[in-house]
Amino acid sequence: MNMKKAMQLALGIVTGVGGFFDIGNLATSAQAGASFRFQLIWSLLLGTVLVIFLVEMSGRFAAATRKALPDAIREHFGFTSWLVPFLVLTLVHFLVLGSEIGGICFALHLVTGLPPAVWALPVAVLLWLFLWRSTFGTIENSTSLLGLLTLAFVVAAVRHHPPTGQLLAGMLPSLPHHDPAKYWFIAVSILGSVLAPYLFYFYSSGAVEDKWDASYIGVNRGIAFLGMGFGSLIALAAIVVAAMVLAPRGIEVNDYHQAAMMLTDAFPFWGFVLFAAAMAIACLGAALEVALSMSYTTAQTFGWNWGEDLDPREDARFSLVYTGAILLSSLLILFGLDPLKLTLLTMAINAAVLPFIAIPFLLIMNDRKLLKEHANGWISNSVAAFLLVLALVLAVVSIPLVIVGGS
Amino acid sequence: MRNVNSLQSSAARPCGMILILMAAGTILACQHKSPEQELLDKAGPAGSWIATLQMAGEKWGANSVPASFVKTTCKAAGKDLDQVAEEVKKSKARPEVRDPLRQLISQAQAAGTSLRKAAEANDRPGVSQQAGQLAALRQQFEAWKKSVEPP
């Protein structure tokens, strides 16, 4: 491996670690730890294994074909067949973007005491300016490096000395001792937050932006396994911290205020500020990714010019999509929607729509004409088959669980 | 292409809706509870908020959170406690189960308001006193929960 690829691998892993954790992971991990201690770790582990495979596949696809997924799926299945997954993906992008903006606004509310709605438009302008003025590399690297602040959760988890036996027991699925509807609702929401549909579509577009070719397939594998693996460690740490700090006090997370003191036992002076900063930065990175992902998907669906590295004048429609998306999503918070409730609903919807998004992707990964020797092998296809069954189950149960298990 | 089209066929949509409705029905059927158990579920957020207010007071006393956070947390707690109080009022649970909870929530609402005022006034002994009051309320809440929970 040459120096350039080694750098890409290192940077990719940092991106994976810093970019993995977002508002969905934070909300669902805090809820899981506070309400069920270590009992839902299995859900996070299951989601992590599946997302590693999905991200590896999407990067392999982009490296082997030099095409982003929506572009190829539209060409392969035709515009009409791609239309339903595209519309579903657009709805998910819109809701996730609203949740991430809500997370940034709430973090600012924690520090300033001003209501989150006050911050909606300033945050929207900041996000837009960032996207308008920056290149893909700047966005990817700066937010990922700042995102390493979320490692504060890992340090806090270690400082709390969680009981190893209970941690290991949580890695195996088990039935809840109380509140089964809430248990399964959180389990589904964790899967929805880890298997965020935008993630693998965004990753393939990013690989095209970074001009990957077949020689990057090994780098891609390393990034997918190490980046996503270490990234999920932060979500695991958030479950542990919530289990050690909130659960013994009888605090359940039905509002972000209840999660905000999570780090203050491990870091008495800085814990509160660290939580707010980690929340803001994780959400900022994710919001930029989601807004870009929405532009990528739309531009690739309609065959427009696209690329964050292009001047906005060269891909005006691409730039217009993220401009509109940021403005519309920020209205959800401006009009007073509760950021946590929006996030949890969005994570359940993420899980519910997974089949629509994953099926065309998994079908195209088996196209040997397009991918040649890089098409899915039996291991990837076995995981894909399992994912499809799981996705269909999630599609059926997630919305009813929101009704009975969501607070 | 055939696979994708078949998923989007008109026949698949009612089938999917039926499955979702069946899942919802099954989950709801499994949720059938007595009025006392329903009250126990609805009271859950109240216990959690009492514990949150206590922690916010203690952390403010230890200089771990700012006064503005205590203020906004008290406001958020007040809103949710009002909601729980309304639910309790409408509950069909036996009065000997329901009334102690009503009293507890009303005391928690008062303690939350006093905590907010004490933090705003930078009154450390006042905040400490309210945190102690909330700790006592939390213990009472746990005792109430135990008395209602099925053995």
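Helices here are DSSP runs of H or I with at least four residues, strands are runs of E with at least two, and both are numbered from the N terminus. You're looking at a predicted model, where local features need pLDDT of at least 70, side-chain atom pairs count only at pLDDT 80 or more, and totals for chains, interfaces and linings use all residues. Residues are numbered from 1 along each chain as its sequence is written, while chains are lettered from A and ligands numbered from 1 in the order in which they are written.

**Exercise 1.** Find out how covered helix α4 of chain A is, and look at what follows it.

*Solution.* Start with the term: a residue is buried if 20 or more other C-beta atoms, placed from the backbone, lie within 10 Å of its own, exposed if 12 or fewer, and partly exposed in between. Now go along residues 69-77: seven of the nine are buried, so to speak a mostly covered helix. Among the buried ones are Leu69(A), Ile73(A) and Phe77(A). Finally, step past the end of α4(A): Gly78(A) follows, with a positive phi near 95°.

**Exercise 2.** Describe how α4(B) and α5(B) pack.

*Solution.* Two packed helices are described by the angle between their axes and the distance between the axes. Axes are lines fitted to C-alpha atoms, for helices over the stretch in contact, with angles from 0 to 180 degrees between N-to-C directions. For α4(B) (residues 67-90) and α5(B) (residues 95-120), the axes come within 9 Å and cross at roughly 160°. That makes α4(B) and α5(B) roughly antiparallel (under 35 degrees is roughly parallel, over 145 roughly antiparallel, 65 to 115 roughly perpendicular, the rest oblique). Next, sort the residues in contact (C-beta atoms, placed from the backbone, within 7 Å): 13 are nonpolar, three polar and five charged. Here Ala, Val, Leu, Ile, Met, Phe, Trp, Tyr, Cys and Pro count as nonpolar, Asp, Glu, Lys and Arg as charged, and the others, Gly among them, as polar.

**Exercise 3.** Sum up the make-up of chain A.

*Solution.* Count the elements: chain A has 18 helices and zero strands. Then check burial: 60% of its 407 residues are buried. Last, take the contacts in chain A with a separation of 6 or more: 87% of them join residues 24 or more positions apart.

**Exercise 4.** Work out which parts of chain A touch chain B.

*Solution.* First, the contact takes 32 residues from chain A and 33 from chain B. On the chain A side, α5, α13, α16 and α18 each supply at least two residues. The largest share, seven residues, comes from α18(A). By class, that side has 20 nonpolar, nine polar and three charged residues.

Conventions. Two residues are in contact if their C-beta atoms, placed from the backbone, lie within 7 Å.
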